[in-house]
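Open the model in your viewer and get ready to click around. This tour tells you what to select next and what is there.

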Amino acid sequence: MTATLGTSPSVSAEAARLVDRLADNATALRCEVATGGAGERQIDLGANCTGSLEAGRQLGEICMGGLGTVTISSSSSLERWPLGVVVHSTNPVIACLASQYAGWTISEEESGFFALGSGPARALSRVEELYKELGYVDHHDKASLVIEGDKAPPASVIKTVASACGVEERNLTVLYAPTSSLAGTVQIAARVLEVGLHKAHALHFNLTDILDGYGVAPIAPPAPDFVKAMGRTNDAIIYGGRVQLFVKGSDEAAKKLANELPSSGSSAYGKPFAEIFSEVEGDFYKIDAMLFSPALVTVSNVETGSSFHAGKLAPDIVDASFQ
């Protein structure tokens, strides 16, 4: 189903201003800015530097193409883990699916580089099939690519990325932070709304009927072990994340979405993610895709005034994961 979201606002234009601001304040945020081998700007938010929670908050807004706000608060609804992020977007489909979603597979056999790219650069390259459905086109002379990892791509990959985005290498900024970093754990928690939108898309809900969105998730304490860090950041959303979507259309469709959206509907639900990952021997494709969802969902129909609730928070599982 084509969403036909149009060509504006530009996620790349909005994000460019946020990226420049982050770069200007890099020292205060404990981040490092460098020029890469192809002339691109690199911003390290936690691989070879300490980074910060605030850097992760800003990275979350950059991922959303400047069309969403990310706020650090003490209202995660989990008694032992109150520190969380509150995410809101008035353009949730564009912000989350056309920009924030990590849907661009970037790889090069010669260098062995592999990463999933997210952020507004995706909307310039439009290499993913998803954009045919969204009907969203972005145009800008600057591109911002976000990578969840500990290194930026080599120069050869940068040239490929810049070409796909239709920009000069010097106008490409690559921002990266590993899952185990302060910034990484915040920017992943800030994907709680995006996870809800992606699940709605997988359930074939009419995306043009989603008008507004809000999400909240606890911030997982960083862990130096990658699998543990990955498990914690997933558990923050799967077992501790809440989303409210404001939609139009029929109550029947809104209720169906609410009932099918929560993670508790997955056959894999019920264990910390690190345990699930271990049981499938590290093969993501063996994990039920329906698990990747917020824990608690509210869908509010603005045309009828009805709201539908489903799912549940699982603080005991979050506790087991975060300890």
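**First stop: a sheet.** Begin with an open sheet of 6 strands, ordered β1-β2-β8-β7-β6-β5, with mixed pairing. The names come from DSSP: helices are H or I runs of at least four residues, strands are E runs of at least two, and both are numbered from the N terminus. Two strands pair if DSSP finds at least two bridges between them. Select β1 (32–35) and β5 (104–108) to see the edge strands, each of which pairs on one side only. Ignoring direction, neighbouring strands of this sheet are turned by 30° against each other on average. For angles, axes are lines fitted to C-alpha atoms (for helices over the stretch in contact), and values run from 0 to 180 degrees between N-to-C directions.

A word on what you are looking at: this is a predicted model, where local features need pLDDT of at least 70 and side-chain atom pairs count only at pLDDT 80 or more, while totals for chains, interfaces and linings use all residues. Residues are numbered from 1 along each chain as its sequence is written, and side-chain values use heavy atoms, with hydrogens and water left out.

Now zoom in on β6 (residues 113–118) and β7 (residues 143–147), an antiparallel pair joined over 2 bridges. Pick S118 and you'll find its bridge partner, V146, in β7.

**Helices on this sheet.** Select α6 (residues 155–165), which packs on the sheet and touches β5, β6, β7 and β8. The direction of α6 makes about 140° with that of β5. Contact here means heavy atoms within 4.5 Å.

Next, pick α1, which lies across β1, β2 (41–44), β7 and β8 (172–176) and runs at about 65° to β2. How far apart are the end C-alpha atoms of α1? They are 20 Å apart, which agrees with the 20 Å that the 14 residues of α1 (residues 11–24) should span at 1.5 Å a residue. The expected span is 1.5 Å times one less than the number of residues. Colour α1 by burial and look for V11, S12, A13, A15, A16, L18, V19, L22 and A23, which are buried. Buried means under 20% relative accessible area, exposed means over 50%, and partly exposed is in between (1.4 Å probe, protein chains only).

**Second stop: another sheet.** Move to the open sheet of 6 strands with the order β3-β4-β9-β10-β11-β12, again with mixed pairing. β3 (69–73) and β12 (307–311) stand at its edges, each with a single partner strand, so one side of each is left without a neighbour in the sheet. From one strand to the next, the twist averages 15°.

Step through the pairs:

- β4 and β9 run antiparallel over 6 bridges, and H88 stands opposite Y214 in β9.
- β9 and β10 are antiparallel too, joined by 6 bridges; here Y214 has Q244 in β10 as its bridge partner.
- β10 (residues 242–247) and β11 (residues 296–301) run parallel, with 6 bridges; V243 is partnered by V297 in β11.
- β11 and β12 pair in the antiparallel sense over 5 bridges, with L296 bridged to G311 in β12.

Stay with β11 and β12, which form a hairpin with 5 residues between them. Click G305 in the turn, where phi is positive at about 85°.

Select α3 (residues 92–100) and α8 (residues 192–202), whose axes come within 9 Å and cross at roughly 90°. That makes α3 roughly perpendicular to α8 (65 to 115 degrees counts as roughly perpendicular). Show side chains for P92, V93, C96, L97 and Q100 in α3, which meet L193, E194, L197, H198 and H201 in α8.

What is the phi of S77? It is near 75°, a positive value in a residue other than glycine. S77 sits in the loop between β3 and β4 and is partly exposed, with a relative accessible area of 46%.

R126 also isn't a glycine, yet has a positive phi of about 50°. Look for R126 in the loop between α4 (121–125) and α5 (130–134), partly exposed at 30% relative accessible area.

Finish at K228 in α9 (residues 226–238), partly exposed at 38%. The C-alpha atoms of K228 and A274 are 6.1 Å apart, although 46 residues separate them along the chain. Leaving aside neighbours within four places in sequence, K228 is in contact with A223 and Q323.

Methods:
Angles under 35 degrees count as roughly parallel, over 145 as roughly antiparallel, 65 to 115 as roughly perpendicular and the rest as oblique.
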